[in-house]
Each structure stands twice: as structure tokens, then as C-alpha cells.
Amino acid sequence: MVIDGPMFIDGEWVKAEQTFEVINPATGVVIGSVADGNQTHATQAVEAAHKAFASWSRTTAHSRSAILYRAWQLMLDNKSELAALMTREQGKPLKAAANEVQYAADFLLWFAEEAKRTYGETIPSARPDQRFIVQHQPVGVVAAITPWNYPISMLTRKLAPALAAGCTVVVKPAESTPLCAIEVFKLLQEAGVPAGVINLITASDPAPIGKVFCEHPAVRKLTFTGSTAVGKKLSQDAAVGLKRVSMELGGHAPFIVYKDADPVHAAKGASLVKFLNTGQACICPNRIFVHKNILTEFVETLTSRIKKMRVGNGAEEGVAIGPLVDEKAIVKIENQVNDAQDKGADILCGGERLTGDTFADGFFFSPTVLTGVDDSMLIYREETFGPVAPVIPFDDNDDIIAMANDTHYGLAAYVYTKDLSTALRSVEQLNFGIIGVNDINPTSAAAPFGGMNESGLGREGAREGLLEYMETKLAGFSI
Ligand code: NAP
């Protein structure tokens with residue numbers, strides 16, 4: 001069945017003259033036909049959001065919180081349907097899709113709670129007749145652009161805090177995953193979000209929509225999750241109107257296994273976080289540094305675990321690795337693997353595209369372990385976004401922190417050690433926004449997520465995630 005996907009503007013489900021197709025990346029089958037929005041639609045959506053801001057921003061935090069609670073409940077009630085759709089549209093295995101829906105719902109709950117805690121403060125003045133009061137107010141209309149790899153949680157990570165703060169929003173989801181976005185909007189509408197407060201523009205060409213978001217004077221904030229290249233371009237364009245920006249961009253996570261670490265435990269962690277979402281997560285390790293003393297045991301464990309991972313359609317029981325997003329992703333990975341092999345890396349398993357039988361019409365790459373990787377290779381610098389684990393040996397003579405920091409990215413990093421001082425020193429010296437210490441999942445709606453350097457600006461989730469959508473206003477009283 002092909003799903004018909006409209007946009008959502010000013011409380012109405014709107015079709016467009018043109019549509020574009022959405023395919024299942026595991027089968028190549030068309031699953032949706034979605035409205036192809038243009039600049040007129042984007043402008044209408046921004047103007048609807050602008051009009052709705054006047055009343056929405058004056059609602060109480062308690063009433064906004066109540067709507068977010070209802071949305072949280074509705075998302076949990078619809079968890080299995082949303083997960084099944086996500087698997088069809090994005091490809092990840094059903095269990096991972098259900099975990100993502102839970103993570104997405106966590107943001108609705110967290111910001112339903114935080115909405116009521118946008119405390120201001122009073123500040124003592126040097127003048128006896130003066131009093132300072134600081135308040136937080138919503139920034140205004142927010143334009144949000146989201147990626148395909150986490151098609152529901154990346155939406156709620158922006159929508160929930162924006163709504164909690166009292167902002168109105170226009171969202172453009174990724175071209176390959178608009179159906180998940182449409183379902184989220186249906187739930188928010190059912191939860192009671194008023195007309196105009198949230199708007200959804202789907203489009204096959206993102207650039208004209210991005211232009212409206214960056215240029216329309218009513219948009220006061222642009223929040224983007226996606227690649228560093230696009231994030232930089234949008235930041236430049238948004239700077240013309242001096243709009244606030246939040247940028248959640250690419251990563252190139254180092255995964256350091258010190259010589260005192262348990263190599264089996266570390267290899268288990270690496271196998272789980274590297275192959276998360278078929279390696280298509282911004283926090284996936286891209287350089288796995290392992291001390292020479294424990295290299296053999298680490299690599300043996302990693303390889304044997306990876307060889308057991310079943311690749312296939314995420315809708316099938318027992319599949320651990322789903323398809324990649326598209327042909328371009330396969331070509332990029334093949335290029336990195338071939339380059340590494342040409343420059344001396346060894347392929348211990350995988351290393352090639354999967355074709356034939358059930359793989360014929362999808363985008364599948366076999367989970368791969370590369371050893372002997374060094375800094376001359378493309379994979380050492382470029383984000384892979386695929387199921388390839390590059391292992392780089394190091395020894396006591398190497399400055400491992402400098403090696404790990406040798407990237408323009410700065411999103412996630414991982415450290416495996418049993419030594420407290422090594423762990424703490426690493427956390428202090430690594431230039432990354434999120435660091436897992438013997439932990440492969442240092443993320444939660446309650447914890448600030450975001451990168452340093454070219455991995456982005458700002459934080460999502462946590463207390464910080466709400467302040468990204470608020471202005472700080474100072475009032476000085478003379479009494
Ligand atoms: P992308 O190509 O940058 O696309 C992200 C979003 O931006 C999509 O909605 C895309 O639309 C849109 N877009 C592309 N060009 C645009 C333009 N000129 N103007 C306006 N919008 C534009 O990234 P992606 O391939 O979807 O996502 C993968 C990247 O996201 C990776 O680098 C990953 O590390 C990063 N990511 C970061 C985080 C984080 O929290 N830091 C989380 C997830 C992913 P179309 O789909 O129509 O092209």
C-alpha cells in the first residue's frame with residue numbers, strides 16, 4: 001500500500017500539485033507518495049506560525065506541559081505502529097525502531113516537565129534603589145530541519161522544547177523519511193496543539209525551503225540536525241538576518257581502549273555502538289584506537305561478534321543490521337574501504353556490498369572490520385556513516401589524546417579503562433561534547449547532547465535544550 005502524505009499548515013492537511021516517492025531502503029518498493037512543498041508553502045507555514053505565536057506564547061507553561069504529556073502518552077500508545085513505519089521507511093530493525101520511539105517519547109515527557117521550570121532570577125544590585133529581575137521568554141518562530149537517520153526522535157528533540165518554551169514551529173523533515181514526520185504531527189494534533197503552532201513542509205528539494213527559513217524575517221531561530229557541510233551553509237545564510245542557530249552536525253568519534261581495559265568488554269561495546277543503525281548515527285565510533293597489548297583479544301572478539309550479526313530487512317526477526325539509506329551511502333563506504341585496503345589496511349570480515357537474493361533491491365553492505373588503519377586513509381578523517389569498524393593500534397609512545405583530537409569534528413568520544421585517573425584525564429582533555437567512559441550509551445533526554453568544533457553549536461535535551469528556545473530578558477527597576 002502506498003501511503004498518501006500531505007503537509008500540515010495552519011492546522012490543515014494540505015496537498016501539493018507535485019508529489020515525490022518514498023521508498024523502503026530494504027526492498028526498493030515505493031511506500032509513500034508525499035506532497036512536494038515549495039517556497040509558497042514554506043512561506044505560508046512561517047506566516048501561520050508567526051500568527052499563532054501571539055496566542056501560543058501567552059498560554060501558561062502548565063497548559064503547554066499538559067499537551068506535551070498527552071503527546072507523550074499518545075506516542076507510547078502508538079509505539080509499535082510508529083516503529084513498524086520507521087522500519088519500512090528508514091530500514092532499522094524493529095527493535096531498534098521501537099527503542100527510538102521510546103527515546104522520542106522521552107523528550108516529550110522531559111520537556112512536559114521542564115516547561116514548568118523556566119525559572120528566572122533576581123539579582124542583587126549595587127544601587128540601593130535598584131532591583132534586577134531576569135525572565136525567560138520564547139524566541140518566536142522556530143524553523144527546524146531534521147535528518148533521516150533518527151526520523152522521530154530528532155523531531156521531538158526539537159519540537160518538545162520549542163513547544164514547552166512557547167515557540168511556534170515549522171519543520172522540514174528529510175526527503176527520505178517524511179512519513180514518520182507526518183505520523184508525529186498527527187499525534188501532536190490529537191494531543192491538542194492548536195492550529196498554526198506546528199507546521200510541516202515536506203519537499204524533494206530542500207534548498208528553496210531552507211532559503212525561506214533563513215530569509216523570512218518572522219523566523220527567529222533555525223535549528224538543524226544533519227551534515228556539517230549543510231549546517232555551515234545554513235548558518236551563514238541565517239546570519240544575514242542574525243537568527244539564532246542550533247546546529248547538531250556530523251561526528252568522527254574516537255573509541256579509545258587503554259591497555260588496562262577489559263578487551264572483551266570493550267569489543268562488545270564497540271560492536272554495539274559502531275553498528276548502531278547500520279553505522280548511520282552521528283555518535284558511532286569512526287576510529288577505534290586499541291592499545292597493542294590487548295589488540296589481538298579485542299579484534300578477535302569484535303570480529304566474531306560482527307560475523308554473527310544478521311543483515312537484512314529490519315522487519316524480519318533476528319536481523320541486527322538493516323540497509324543503508326541510499327546508493328550514495330554505499331558508494332561512499334566502498335570508496336573508504338577500497339582506499340584503506342589500497343593503503344595497507346586488512347579486511348578481517350565484510351568489506352563489500354551485499355547483492356543478490358533478498359539484498360537485490362536494497363542498499364546493503366556487509367558489516368566490516370578493518371585493521372591496520374592509519375592517518376593516511378580517508379576513513380581516518382571522513383565520517384563513514386556505515387557498518388565499517390576501523391581499528392588503529394597505538395602504544396605507550398603515542399599521544400593518544402592528541403590522536404583522538406586530530407579531527408575537525410567534536411561530537412562523541414568513548415574511553416575504556418579501569419583507571420580512574422586515566423578516565424578523568426581523558427574526559428578533561430578530549431575535545432568532544434559527549435564522552436562515554438566504559439559506556440556506549442551516554443545519551444538521554446535528561447542529558448545535554450551536542451558537539452564541539454565543527455560538530456555543532458548548542459545542546460539538545462536536558463535543561464539546556466529548553467534555554468535554546470528562550471530569550472533572557474532583564475528588567476531593572478528603580479523603586
Ligand atoms: P544532510 O544531507 O545535511 O540533511 C539533513 C537535512 O537537511 C535533511 O532534511 C535535508 O533534506 C536538509 N538539507 C540538505 N541540504 C539542504 C539545504 N541546502 N537547505 C536546507 N536543508 C537542506 O544530512 P543527512 O545525510 O540527512 O544526515 C546525516 C548527517 O547528520 C550526518 O553527518 C550525521 O552525523 C548528522 N547527524 C547529526 C546528529 C547530531 O545530533 N549531531 C544527529 C543525527 C545526524 P533532504 O533530505 O531533502 O536532503
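Let me begin with the residues that line the largest cavity, which are Gly251, His252, Lys274, Gly279, Ala281, Cys282, Cys284, Asn286, Glu383, Thr384 and Phe385. By class, that lining divides into four nonpolar, five polar and two charged residues, where Ala, Val, Leu, Ile, Met, Phe, Trp, Tyr, Cys and Pro count as nonpolar, Asp, Glu, Lys and Arg as charged, and the others, Gly among them, as polar.

Before I go on, please keep in mind that this is a predicted model, in which local features need pLDDT of at least 70 and side-chain atom pairs count only at pLDDT 80 or more, while totals for chains, interfaces and linings use all residues. Residues are numbered from 1 along each chain as its sequence is written, and side-chain values use heavy atoms, with hydrogens and water left out.

The largest cavity holds about 40 Å³ of space, and the structure has three cavities of 30 Å³ or more. A cavity here is a set of points, on a 1 Å grid over the protein atoms alone, where a 1.4 Å probe fits but cannot get out, whereas a pocket is an open set with protein on both sides within 12 Å along at least five of seven lines, and lining residues have an atom within 4 Å of a point.

Where does the second largest pocket lie? Both domain 1 (3-249 + 453-478) and domain 2 (253-437) give residues to its lining, so the second largest pocket lies between them. Its volume is about 1100 Å³, and among its 37 lining residues Ala96, Asn99, Leu272, Leu276 and Asn277 lie nearest its centre. Helix 4 (94-114), helix 5 and helix 9 (263-274) each give two or more residues to this lining, and helix 4 gives the most, with eight.

Now to the ligand, which is surrounded by 29 residues, each having a heavy atom within 4 Å of it; the closest are Thr146, Arg157, Ser227, Leu249 and Glu383. That shell divides into 16 nonpolar, eight polar and five charged residues, and it draws at least three residues from each of domain 1 and domain 2. The largest share, three residues, comes from helix 7.

Which backbone atoms approach the ligand? A backbone N or O atom of threonine 146 lies 2.7 Å from a ligand oxygen, one of glycine 226 lies 3.2 Å from a ligand oxygen, and one of leucine 249 lies 2.8 Å from a ligand nitrogen. Taken on its own, the ligand has 910 Å² of accessible area, of which the protein covers 86%, as computed by the Shrake-Rupley method with a 1.4 Å probe.

Key: Polar contact = N/O pair within 3.5 Å; in protein donor to acceptor, adjacent residues only side chain to side chain. Helix = DSSP H or I, 4+ residues; strand = E, 2+ residues; numbered from the N terminus. Domains from an automatic or database assignment. Points joined across faces, edges and corners; volume = space filled by probe spheres on them.
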